Each structure stands twice: as structure tokens, then as C-alpha cells.
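Visitor: I am new to this structure. Please show me how to read it, one feature at a time.

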Amino acid sequence: MSRYELLAPAGDLNRLKTAVDFGADAVFIGGKQYSLRYRASNFTLEDIQDGATYCHDHGAQLFVTANMIFHDEDLEGFTQYLKDLERIGVDAVIVASVQAVRLVKSVAPKLEAHLSTQLSTLNSKAVNFLKRLGADRVVLGRETTLEEVDQLMKHVDVPIEVFIHGAMCTNFSGRCTLSNHMTLRDANRGGCAQSCRWRYEIYDDQKALVSDPECLFTMSSKDMRTAEILPELLATGVYSLKIEGRMKSEYYLACVVSAYRRFIDTIENGGDIENARALCNEALLKAENRESFTGFYENSEFGREGYIYGENGRLANQDFLGIIQSTDGDEVILEVRNHFKVGETLEVFGPKTNHKTFVLETLINSKDEVVDRVFRPLENVKIKVPFDVEDFDFVRRAS
């Protein structure tokens with residue numbers, strides 16, 4: 001078993017299963033209340049119980065986020081919710097206040113209490129203080145450098161969790177009020193409108209337009225991708241490596257979780273790190289829709305290179321073509337996600353299928369007609385694949 005925990009997000013039960021199947025050691029999800037991603041599908045208590053069972057049956061753990069910043073009216077029912085999470089077998093709850101930690105310990109002592117990145121914990125004194133108050137784990141703020149993480153780890157004796165991939169906040173995580181001001185949606189109570197990613201016209205003090213009408217201003221951070229510095233990050237002694245993205249797709253999770261799983265395993269087993277890094281980056285880029293960088297890890301005072309000014313990210317990635325629903329010999333039923341055509345080179349990958357490619361020669365649509373291309377999302381089509389595949393394997397365009 002790995003010394004490090006690879007922690008993946010999930011927005012529903014299917015995505016939870018995908019994360020576990022592709023190598024996550026633990027999954028974090030949100031319930032219908034108390035979570036900071038209310039637009040995610042999120043889990044009923046029954047779904048949470050099913051998720052806990054699936055995780056435990058596959059040697060993984062399940063964490064539930066309750067990391068909103070509570071106002072008095074938000075506390076109604078929270079005590080019972082914690083008791084329910086303990087009863088149905090959840091391993092930990094991720095919270096964003098000391099009061100919530102103490103409540104967890106008093107009413108649901110079998111649950112671990114993990115303190116969220118929303119606290120912006122950036123130093124060893126704060127970590128040790130939080131441990132004394134009952135925290136079983138502390139999630140560091142994203143604003144720490146590698147050197148700072150390394151120094152912090154020399155002075156703490158509680159498991160530390162850090163982010164390794166996904167979206168970042170344009171402000172200190174958990175301290176932004178742009179959404180509150182512009183939309184009356186409280187970012188710290190689950191309603192962030194991601195105002196930093198909007199496109200803005202900019203005027204000078206004379207109210208003259210100074211921004212380019214063809215390329216409006218945005219101010220969001222690039223996403224985090226840490227393949228370049230992952231060996232150094234592991235060497236600091238951190239325990240949990242967190243992927244952000246409870247609203248991301250099954251395909252995204254399959255790509256990102258499997259990429260980091262293979263890289264972490266290679267590092268631990270003394271394999272070829274440079275080759276593994278290249279393969280990891282290649283896989284991660286296939287799921288990426290926005291520009292990325294290493295966050296604050298390499299530079300606490302990064303400038304323009306860390307932000308997206310003007311055009312906000314890349315076009316949507318359309319390489320994900322479908323999910324295999326069933327097989328009969330070499331004939332495969334594929335549920336379509338993006339358009340593709342006969343003659344393209346496709347790649348199949350899954351928990352047991354290791355990135356095999358083939359040229360598509362036959363394509364039959366849902367009306368049993370032989371066609372040259374398909375473009376209707378969720379249509380079930382027939383293709384022929386010249387090697388063994390598994391149900392629920394993913395199909396995408398080959399690079």
C-alpha cells in the first residue's frame with residue numbers, strides 16, 4: 001500500500017466509482033447541505049451510504065465535505081447530520097471551523113475531523129494549534145511554497161493534506177467576496193458565481209474604455225498541475241495528495257486520477273521518474289480545458305504567468321468520445337459523448353485496459369444504419385474494436 005493517499009473528488013455515485021476504480025485511495029464528496037459546491041449533483045444520505053460501501057469494498061475511504069462557513073441559521077440539523085454520517089460508515093468529515101471540529105468530536109467521535117483549506121492554514125504553529133483543538137488532519141492553504149511545506153513538515157505531527165491538481169482561487173482560498181458583492185451569492189456558503197472568470201470591460205478614471213473589445217479582461221488563476229514538482233512534494237512528508245473538482249466529469253477523473261496514480265507508484269517503486277513525469281503530463285493535458293501551472297509551490301510571488309488575462313482558457317476538450325456499454329466479441333456498444341468519424345485513430349483506456357489504439361473502420365448508428373460519422377450525445381452506436389475491452393472503459397481520440 002502507498003505511503004501517500006491519493007484523494008479524488010466526486011460529484012455523484014458514478015464518478016465516485018470511477019475515481020476508486022482508477023486508483024484513488026480516498027474520495028471526498030458533498031451532501032445536499034453544508035457543502036461549498038451546491039451546483040454539483042451531490043449525495044443523499046442513501047447515496048453516501050452506497051458510496052461508503054463501495055469505497056470500503058475496494059480498500060478506499062470516504063470523506064464528506066461540510067466546509068461552508070456557518071451562520072446561525074445554517075446550523076439547524078447539523079448535529080443530526082454528523083450522527084447520520086457516522087452511522088452509515090463515513091470515515092471523515094471536512095469542516096472549516098474549530099467549532100465544527102469540536103462538534104464532530106462530541107457527537108460523532110468515530111468520524112475524523114479534517115480542517116479545510118478554507119482556513120488558509122499556512123504555518124506549523126497554526127497546524128499544531130488546530131491539532132490541540134481536535135483536528136485529525138489539516139489541509140494546507142494553496143498559497144504555500146515547496147520550501148514552506150518542507151519546513152512546516154519538520155514541526156508538525158498531524159497528517160497534512162495538500163492540493164496537487166485543479167482549480168485555484170484568485171484570492172486566498174475561502175477569503176473571496178467578489179461573488180457576494182456582484183451576485184449576492186455567498187462563496188463561503190456554497191454559492192460562488194466564479195466572478196473572477198467573467199469577462200470585463202475596463203475603463204480609466206475618465207470613464208474611457210481601455211480594454212480590448214476583442215479580448216475582454218478576466219482575472220482568474222490558471223489551474224494547478226504539479227507533475228513537474230511531485231517528487232519534491234512527496235519528499236516533504238505530506239500524507240494526502242488532493243485533486244480538486246467535484247463538478248468534473250467521469251472522463252476528467254479517469255484521466256487525472258490514473259495519471260497521478262501511475263506517477264506516484266513509479267516514484268515510490270524507484271522507477272524512471274522523468275519518463276513517468278512525461279507520461280503523467282501527457283495524460284493530464286488530455287483532460288485539461290484551461291491553462292495550468294504549478295501554483296505557489298515554485299514561486300510565492302508569481303506574476304502574469306499564473307493568471308489568465310484576456311481569453312479565459314482553452315476551448316472545451318472534445319477528445320472524449322464515449323463510454324463502452326457492452327461487448328460481444330469485437331462488436332462494442334458505445335455511448336457517444338463527442339462527434340467522431342470512420343478513419344480516425346481511437347484510444348481505449350480503463351482500470352484494466354492499458355491505453356490501446358485502433359483505427360475505426362465500422363460505425364453503425366442507433367437506427368442500425370452504416371454511417372461515416374456520429375454526433376448525437378448519448379446515442380448508442382456500434383463499433384468494432386480489435387482487442388479485448390471492458391464495460392465502462394473510456395474511448396477518446398488518440399494523440
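Guide: Start with contact: heavy atoms within 4.5 Å. Helices (H or I, at least four residues) and strands (E, at least two) are DSSP runs, numbered from the N terminus. This is a predicted model, where local features need pLDDT of at least 70, side-chain atom pairs count only at pLDDT 80 or more, and totals for chains, interfaces and linings use all residues. Residues are numbered from 1 along each chain as its sequence is written, and side-chain values use heavy atoms, with hydrogens and water left out.

Visitor: Which elements do the buried residues of H10 pack against?

Guide: Buried means under 20% relative accessible area, exposed over 50%, partly exposed in between (1.4 Å probe, protein chains only). The buried residues of H10 pack against strands S7 (160–166) and S9 (223–225), and against helices H8 (230–235) and H9 (250–268).

Visitor: Which residues are buried in H10?

Guide: They are Ala276, Arg277, Cys280, Asn281, Ala283 and Leu284. They cover an arc of only 165° around the axis, so they sit on the same side of H10. The arc is taken from the directions from the helix axis to the C-beta atoms.

Visitor: What lies at the start of H10?

Guide: There, a side-chain oxygen of Asp272 comes within 3.3 Å of the backbone nitrogen of Glu274.

Visitor: Where is Ser120, and is Ser120 buried or exposed?

Guide: Ser120 lies in the loop between strand S5 (112–115) and helix H5 (124–132). Ser120 counts as buried because its relative accessibility is 11%. Its phi is near 55°, a positive value in a residue other than glycine.

Visitor: What about Lys207: buried or exposed?

Guide: Lys207 counts as exposed, at 73% relative accessibility. Its phi is positive, about 65°, although Lys207 is not a glycine.

Notes:
Polar contact = N/O pair within 3.5 Å; in protein donor to acceptor, adjacent residues only side chain to side chain.
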